[in-house]
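Hi everyone, thanks for coming. Let me put the structure up on the screen, and then we'll walk through a few parts of it together.

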Amino acid sequence: MSREQKVAVVEAYLDCFATKDLSKVSFAEDVTFEGPRMPKLTGRATILGFLTQILPVVRGIQLKQHIVEGDYVATIFDMETAHGVDHVFDRIHIVDGQIKAIHAFYYPAQPPECQT
C-alpha cells in the first residue's frame with residue numbers, strides 16, 4: 001500500500017468521530033485497541049461497540065499530523081469531548097488495507113510551560 005492509501009484508511013477512522021458513522025471504518029476481524037484508561041479490547045464487534053458508546057461524547061477532532069513508516073501510521077490530533085480536549089497520539093497498524101491495531105496515548109490537558 002502507498003503512504004496515501006494508509007493515510008486514507010486512518011482518516012476514514014478519524015472521520016467517524018465527526019460524522020458518527022462507523023460504516024466506512026475498515027477494521028480487521030481481530031483488531032485490537034488499547035489505551036491508558038481501559039483494558040485491551042479485541043475483535044471488530046467489540047471495538048465498534050466501544051466506539052458507539054464514546055461517539056456521543058466526542059464533539060470533533062483537529063488533525064495535527066500523520067507519520068507513516070512501514071505498516072504503521074502515527075496520528076496526532078486533538079479530540080474535543082464534552083469533558084474538554086484530549087491531546088491524542090494513535091499508533092495504528094495497517095495490514096491489507098484494514099486497521100489491525102490501535103494503540104492510543106493521550107492526556108487531557110496541555111503540560112505547563114517550562115519555567116526558567
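So, which residues in α2 are buried? Take a moment to look for them. They are Ile47, Leu48, Phe50 and Leu51. Before I go on, please keep in mind that this is a predicted model.

Now, how are those residues arranged around the helix? If you look down the axis of α2, the buried ones fall within an arc of 160 degrees, so they line one face of the helix. Here's a bit of background that helps: an α-helix has 3.6 residues a turn, so residues three or four places apart point the same way. Over on the other side of α2, you'll find Ala45 and Gln53, and these are exposed. And what covers the buried residues of α2? The cover includes α1, β1 and β2, where β2 is residues 38-42.

The largest pocket holds about 400 Å³ of space. It is lined by 22 residues, and the closest to its centre are Arg37, Ile54, Met79, Asp86 and Tyr106. Which elements supply the lining? At least two residues each come from α1 (3-19), α2 (44-54), β4, β5 and β6. The one that gives the most is β5, with 5 residues.

Let's move on to charges. Side chains of opposite charge can pair when their charged atoms come close. How many salt bridges does a search of the whole structure find? The search finds 2.

One of them is between Asp30 and Lys100, and the closest N and O atoms there are 2.5 Å apart. This pair links distant parts of the chain: Asp30 sits in strand β1 (residues 27-35), Lys100 sits in strand β6 (residues 98-107), and 70 residues separate them. Are these two buried or exposed? Asp30 has 42% relative accessibility and counts as partly exposed. Lys100 is partly exposed too, with a relative accessible area of 28%.

Then there's the salt bridge between the side chains of Lys64 and Asp78, at 3.4 Å from N to O. Lys64 belongs to strand β3 (residues 58-69) and Asp78 to strand β4 (residues 72-81), so this pair ties together parts that are 14 residues apart in sequence. Lys64 is partly exposed, with a relative accessible area of 47%. Asp78, though, counts as buried: its relative accessibility is 16%, and the cut-off for buried is under 20%.

Now find Ala82 for me. You'll see it in the loop between β4 and β5. Ala82 counts as partly exposed, at 45% relative accessibility. What does Ala82 touch, if we leave aside its neighbours within four places in sequence? It is in contact with Val57 and Arg59. Val57 is 25 residues away from Ala82 along the chain, and yet their C-alpha atoms are separated by 5.4 Å.

Last stop: Val85, which lies in strand β5 (residues 84-95). Val85 is partly exposed, with a relative accessible area of 33%. Val85 and Ala104 are 19 residues apart in sequence, and from C-alpha to C-alpha they are 15 Å apart in space.

Notes. Residues are numbered from 1 along each chain as its sequence is written. This is a predicted model: local features need pLDDT of at least 70, side-chain atom pairs count only at pLDDT 80 or more; totals for chains, interfaces and linings use all residues. Side-chain values use heavy atoms; hydrogens and water are left out. A salt bridge is a side-chain nitrogen of Lys or Arg within 4 Å of a carboxyl oxygen of Asp or Glu. Helices (H or I, at least four residues) and strands (E, at least two) are DSSP runs, numbered from the N terminus. Buried means under 20% relative accessible area, exposed over 50%, partly exposed in between (1.4 Å probe, protein chains only). On a 1 Å grid over the protein atoms alone, a cavity is a set of points where a 1.4 Å probe fits but cannot get out, and a pocket is an open set with protein on both sides within 12 Å along at least five of seven lines; lining residues have an atom within 4 Å of a point. Grid points are joined across faces, edges and corners, and a volume is the space filled by probe spheres set on the points. The arc is that of the directions from the helix axis to the C-beta atoms. Contact means heavy atoms within 4.5 Å.
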